[in-house]
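Hi everyone, thanks for coming along. Let me put the model up on the screen, and then we can walk through it together.

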Amino acid sequence: MKDEDKVFKALADANRRKLLDRLYARNGQTLTELCKGLDMARQSVTQHLDLLEAANLIATVRQGREKLHYFNPVPVHAIYERWIGKEERQRLTALADFKRKMEANDHE
Amino acid sequence: MNDAKFVYVIYIAAKPEKVFEALIDGEMTRQYWFHDNVSDWKPGSRWEHRHLDGEKQARVVGKVLECTPPKRLVLSWASPENEADRSKYSRVTLEVEPVADMVRLTVTHEELEPGSDMLRGISGGWPRVLSSLKSFLETGKPLDIMASKK
């Protein structure tokens with residue numbers, strides 16, 4: 001499989017995206033920490049993490065007996081570079097800020 | 001405690017020697033990073049990451065902690081205004097490993113102060129710099145990374 005296909009395949013699963021969200025919120029977690037509060041068997045978390053690592057979306061670092069997982073944003077950045085032109089970036093950021101503000105007001 | 005840490009990994013179709021050279025050769029860093037990395041790269045020596053504008057101001061300064069070509073480069077890292085304050089230093093390890101006919105470049109940036117400007121700066125910065133380095137080494141053309149900064 002091409003590296004790029006691995007990235008899109010890895011991202012096409014809600015549980016794997018949830019694992020990335022959790023690492024994005026707090027980088028450098030162990031398997032046990034990542035399993036906490038998740039409705040997934042430890043075994044399937046391990047499989048998801050392996051797939052994410054094969055797609056280079058996470059990097060692992062050994063620390064003593066523990067293995068820490070880090071979100072690697074490099075492949076996601078490559079997707080961004082591919083389709084977002086440099087002249088569009090500021091306008092898109094402004095648009096995203098606007099959406100966030102409008103939706104926050106809705107909840108007041 | 002300065003314990004924020006990030007790990008970035010990129011695969012580049014190039015020789016380890018070439019990738020390592022691209023990290024420490026100012027003539028090369030200016031082409032994809034738009035800054036000169038300047039030092040004699042001896043352990044204990046000072047290094048500077050200088051902007052290319054008229055004044056060539058250093059944007060990052062620090063010490064070379066380890067330089068083992070073409071495998072490992074470890075740098076201390078601070079903004080020039082914090083140079084005297086040891087507590088503001090972070091640490092960057094660049095590791096180059098051959099994998100099949102490619103190179104796996106791992107950047108570990110650690111001992112970062114949570115909530116600091118440096119932390120904000122690097123978390124968008126490294127993926128952009130690494131993509132540009134990959135593009136530069138594989139195609140001869142960098143990404144226009146400066147244009148995407150405000």
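With 150 residues, a compact globule would have a radius of gyration near 15 Å, and chain B agrees, because its own value is 15 Å. That radius is taken over C-alpha atoms, and the globule rule is 2.2 Å times the number of residues to the power 0.38. Along its principal axes, the C-alpha trace of chain B spans about 40 × 30 × 30 Å.

A word on what you are seeing: this is a predicted model, where local features need pLDDT of at least 70 and side-chain atom pairs count only at pLDDT 80 or more, while totals for chains, interfaces and linings use all residues. Residues are numbered from 1 along each chain as its sequence is written, and chains are lettered from A and ligands numbered from 1 in the order in which they are written.

Of the 150 residues in chain B, 35% count as buried; buried here is 20 or more other C-beta atoms within 10 Å of a residue's own, exposed is 12 or fewer, partly exposed is in between, and C-beta atoms are placed from the backbone.

Now the elements. Chain B has 3 helices and 7 strands, in the order β-α-α-β-β-β-β-β-β-α from the N terminus. These are DSSP runs numbered from the N terminus, helices being H or I with at least four residues and strands E with at least two.

Let's zoom in on β5 of chain B, residues 72-77. Which residues make up its covered face? They are B:L73, B:L75 and B:W77, while B:R72, B:V74 and B:S76 form the uncovered one. β5(B) pairs with β4(B), residues 58-68, in the antiparallel sense over 4 bridges; for pairing, DSSP has to find at least two bridges between the strands. The two form a hairpin with 3 residues between them, and B:L75 is the bridge partner of B:V64. β5(B) also pairs with β6(B), residues 90-99, again antiparallel, over 6 bridges. There, B:S76 stands opposite B:R91.

Finally, the interface. Here 16 residues of chain B are in contact with 14 of chain A, contact being C-beta atoms, placed from the backbone, within 7 Å. On the chain B side, β1 (4-12) and α3 (117-139) each supply at least two residues, and β1(B) gives the largest share, 7 residues.

That's my tour, and I'm happy to take questions!

Technical notes:
Contact = placed C-beta atoms within 7 Å.
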